[in-house]
Amino acid sequence: GTLDPDATGVLPVCLGKATKLCDMLTDKDKTYETVLLLGKTTDTQDISGTVLSEKSCDGIDNDAVTRCIGEFVGEYLQIPPMYSALKVDGKKLCDLAREGKTVERQGREIEIYSIDVEATDYPCDFTLTVACSSGTYIRTLCEDIGRAIGCGGVMAALRRLEASGITVDRTYTLEELDGMVEDERWEKIIP
């Protein structure tokens, strides 16, 4: 599976013969922590993209935002973003997008199991924990919520908390793994 370039968190990695299990690991439910920034849209649906529009968040009702976020729980048809690893005619959508091309994309049935508002920096920033099905684009969810509220929205941060039953507290950073290789401790964590 892939993880957005600016994202952090859980990314299961298989080595050697275990690579045969990769498909089984990537097609599972996931949990994310994200920051929804209202009042802005970008070409990539996240804060790193080119700004397409900006609108003031002043006057947006906090309770109305929370209700709107809650309306996305359940199944819905999500259109994958152009900046994604999905392929059309053998080319990644993100490569086509970088060439300035936009292609028709079919909506995909995804499911949002829960969205919890963890914190707010009212009126524009909302920190959310999202439990969802495989194939869900959190960037697109943020944009869809912003559109429903009427002011636009982008993903300002993303951290995958859980994937395929592996939680962030059971993971290692690349720096930690590098240190384990140097100290010959890596065999203790890699079966």
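Here are some notes on the strands, salt bridges and surface patches of this predicted model.

1. Ground rules. Because the model is predicted, local features need pLDDT of at least 70 and side-chain atom pairs count only at pLDDT 80 or more, while totals for chains, interfaces and linings use all residues. Residues are numbered from 1 along each chain as its sequence is written, and side-chain values use heavy atoms, with hydrogens and water left out.

2. Six of the eight residues in β9 are buried, so the strand is mostly covered. Buried here means under 20% relative accessible area, exposed means over 50%, and partly exposed is in between, using a 1.4 Å probe and protein chains only.

3. Which strands pair with β9? One is β2 (residues 30-38), which runs antiparallel to β9 and is joined to it by eight bridges. Strand β8 (residues 108-121) is also antiparallel to β9, again with eight bridges. Pairing requires that DSSP finds at least two bridges between the strands.

4. The β8 and β9 strands make a hairpin, with three residues between them. As background, side chains in a regular strand alternate between the two faces of the sheet.

5. Now the salt bridges, of which the structure holds six. The criterion is a side-chain nitrogen of Lys or Arg within 4 Å of a carboxyl oxygen of Asp or Glu. E54 and K40 form one of them, with their closest N and O atoms 3.5 Å apart. E54 sits in β4 (residues 51-54) and K40 in β3 (residues 40-42), so this pair ties together parts 14 residues apart in sequence. Are the two ends buried or exposed? E54 is exposed, at 60% relative accessible area, whereas K40 is buried, at 19%.

6. D95 is partly exposed at 32% relative accessible area, and R98 is exposed at 57%.

7. E99 and K101 meet in another salt bridge, at 3.1 Å from N to O. E99 is partly exposed at 42%, as is K101 at 45%. Salt bridges with shared partners link K91, E99 and K101 into one network.

8. On the surface, E175, E176, D178 and E182 gather in a patch of negative charge. Patch members have over 30% relative accessible area and no salt bridge; like charges are joined within 9 Å and nonpolar side chains (Val, Leu, Ile, Met, Phe, Trp, Tyr) within 5 Å. Asp and Glu count as negative, Lys and Arg as positive, and His and the chain ends are not counted; each charge is placed at NZ of Lys, CZ of Arg, CG of Asp or CD of Glu. D178 lies in helix α5 (residues 174-182) and is partly exposed, at 45% relative accessibility.

9. There is a nonpolar surface patch too: L11, V13 and L15 have about 300 Å² of accessible area together (Shrake-Rupley method, 1.4 Å probe, with only the protein chains shown counting as cover for residues). L15 is in the loop between β1 (8-9) and α1 (22-26), and is exposed at 53% relative accessible area.

Definitions and conventions
Helices (H or I, at least four residues) and strands (E, at least two) are DSSP runs, numbered from the N terminus.
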